[in-house]
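This report concerns a single protein model. Please keep the sequence and coordinates at hand while reading.

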Amino acid sequence: MQSFPAFFPLDGRRVAIIGSGPAADAKARLFEGGPADVVRFEAPPPSLEGFALVFVALEDEEARLCAVEAARRAGVPVNAVDAPALSDFYTPAIVDRGELVIGVSTSGAAPTLARDLRARIEAIVPTAYAQLAAFARQIRSRVLARRPSFEGRRRAWEAILRGAAGERALAGDLDRADALAERVLAGDQRAHGVVHLVGAGPGDPELLTLKALRVLQDADIVFHDKLVDARVLDLIRRDAPRVYVGKAKGAHSVPQDEIARLMIGEARAGKRVVRLKGGDPFIFGRGGEELAALRAAGVETHVVPGITAALGCAAEAGVPLTHRDHAQAVTFVTGHAKTGAPDLDWAALARGNQTLVVYMGVDTAAHTAANLIAAGRAAETRVLVVENATTPKRKQAVGALGALPDLIARAGIEGPALLIIGEVAALAQCAPGALEVAA
Ligand code: SAH
């Protein structure tokens, strides 16, 4: 360790910034919104008595030495911009979350490297962590009073900050967070657990939200579907068990009420449970039923949206689902019903100037095409069929609505695949390496 990280309290302290250029402004910005009293000087002042920290951002060599000398005389730690040899401390790259502060330093060797690392940390530490830290301060004395032993306190903090109460605080609901923390302190195990219904996106792990990534890495147990990409499963915390509860088409492996029962059991045992579903949990994902069951059981549940297959397919193929010239509306429908093919409002769906996206529509494609054409959609209307979008197994085919079943058969598409029907489908570009069939 080449330098020692230490944090200076700023409340009621004075900070001097000497200099007037962009470097001095950048230092001043670090303290914006904070409690320190920042005093700026254009040139070295005669005395720096009473300051807690001094930053020197002067171009002129002589003036810079003079300012550093003044800080030394006053016994105040000084940082001279771009002059590590003159500095008592380095300014780290800072992730500012209120009371929670992360500093990254390369001991002056490569500030750019520190800034890159900071950018990555910014992405994984939610800004709401400031609220979590403030919440912890708010309940601190109660935790200390109610858990006299060190070990008991550590367990209570874990249960509160990493469990249901912490999630509420992150969501900004401090009253409910406080009530849940009280229940933890009263010994109610049920107040620990939390369930996240998480959208895993269409495949590519880079399409996960930052929140999805955070809860996957915090999970105690994960229940997932078949559609969830293996690369997304790789991001789950290593020692968290993964339970496959998916349903293959036609074969219901774990019934819906059984999935809910399993999750409720784990949450009541105090676990952080993730329910990971392909795409978005609320688009043809039965997420609504699971949410209702969890809430009815009094389990703290949060929903993390995901990129639904339609958006993933469209982005990858370069197909705008709405377009000023071609489509003023977009509709998502399912091609699958309990009894086989769905009974949809074909007259409404067949109108022009709109895009129709059919989920689970491969087996019933002939039925869909025939109904749309019978209701007035032109047989030449373009259709894009994409299988395994945003994964290396991707296949796509573009053709006419009238030839849809043939197109699917020739491309060898079996699903999971999406049909995008409408004028915008003509804009599809084939991704490099993807198999494309056109008709
Ligand atoms: N909740 C999911 C949809 C579940 S229904 C979402 O929001 O995307 C399952 C259907 O989604 C599949 O039959 C297929 O039509 C579509 N689908 C899911 N992932 C897909 C992918 N990577 N490529 C193409 N279609 C996909």
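## Basis and conventions

The model is predicted; local features require pLDDT of at least 70 and side-chain atom pairs count only at pLDDT 80 or more, whereas totals for chains, interfaces and linings use all residues. Residues are numbered from 1 along each chain as its sequence is written, and side-chain values use heavy atoms, without hydrogens or water.

## Domains

Three domains are assigned: domain 1 (1-91), domain 2 (193-307) and domain 3 (310-438). These bounds come from an automatic or database domain assignment. Taken over C-alpha atoms, the centres of domain 1 and domain 2 are separated by 49 Å.

A separation between two residues can also be given: E32 and L401 are 369 residues apart in sequence, and their C-alpha atoms are 59 Å apart in space. E32 lies in the loop between α1 (22-30) and β2 (37-41) and is exposed, with a relative accessible area of 57%. Here, buried means under 20% relative accessible area, exposed over 50%, and partly exposed in between (1.4 Å probe, protein chains only). Helices (H or I, at least four residues) and strands (E, at least two) are DSSP runs, numbered from the N terminus.

## The second largest pocket

The second largest pocket has a volume of about 1100 Å³. A pocket is an open set of points on a 1 Å grid over the protein atoms alone, where a 1.4 Å probe fits, with protein on both sides within 12 Å along at least five of seven lines; lining residues have an atom within 4 Å of a point. Grid points are joined across faces, edges and corners, and the volume is the space filled by probe spheres set on the points.

The lining of this pocket comprises 31 residues, of which A6, F7, F8, I94 and V101 lie nearest the centre. At least two lining residues come from each of β3 (53-56), β5 (93-97) and β6 (100-104), and β6 gives the most, with 4 residues. By type, the lining divides into 19 nonpolar, 7 polar and 5 charged residues. Nonpolar covers Ala, Val, Leu, Ile, Met, Phe, Trp, Tyr, Cys and Pro, charged covers Asp, Glu, Lys and Arg, and polar covers the others, Gly among them.

Helix α2 (residues 61-73) has 13 residues and reaches 18 Å between its first and last C-alpha, close to the 18 Å expected at 1.5 Å a residue. The expected span is 1.5 Å times one less than the number of residues. Buried in α2 are A63, R64, A67, V68, A70 and A71. They lie on the same side of α2 because they cover an arc of only 155° around the axis, the arc being that of the directions from the helix axis to the C-beta atoms. The face turned away from this buried side carries the exposed residues E62 and R73.

## Backbone features

Most residues other than glycine have a negative phi, and most peptide bonds are trans. D82, in the loop between β4 (78-80) and β5, has a positive phi near 60° and is exposed, with a relative accessible area of 76%. R286, in the loop between β10 (272-277) and α11 (287-296), has a positive phi of about 60° and is partly exposed at 36% relative accessibility.

The peptide bond from G415 to P416 is cis, with omega near 5°. P416 is found in the loop between α15 (404-411) and β16 (417-421).
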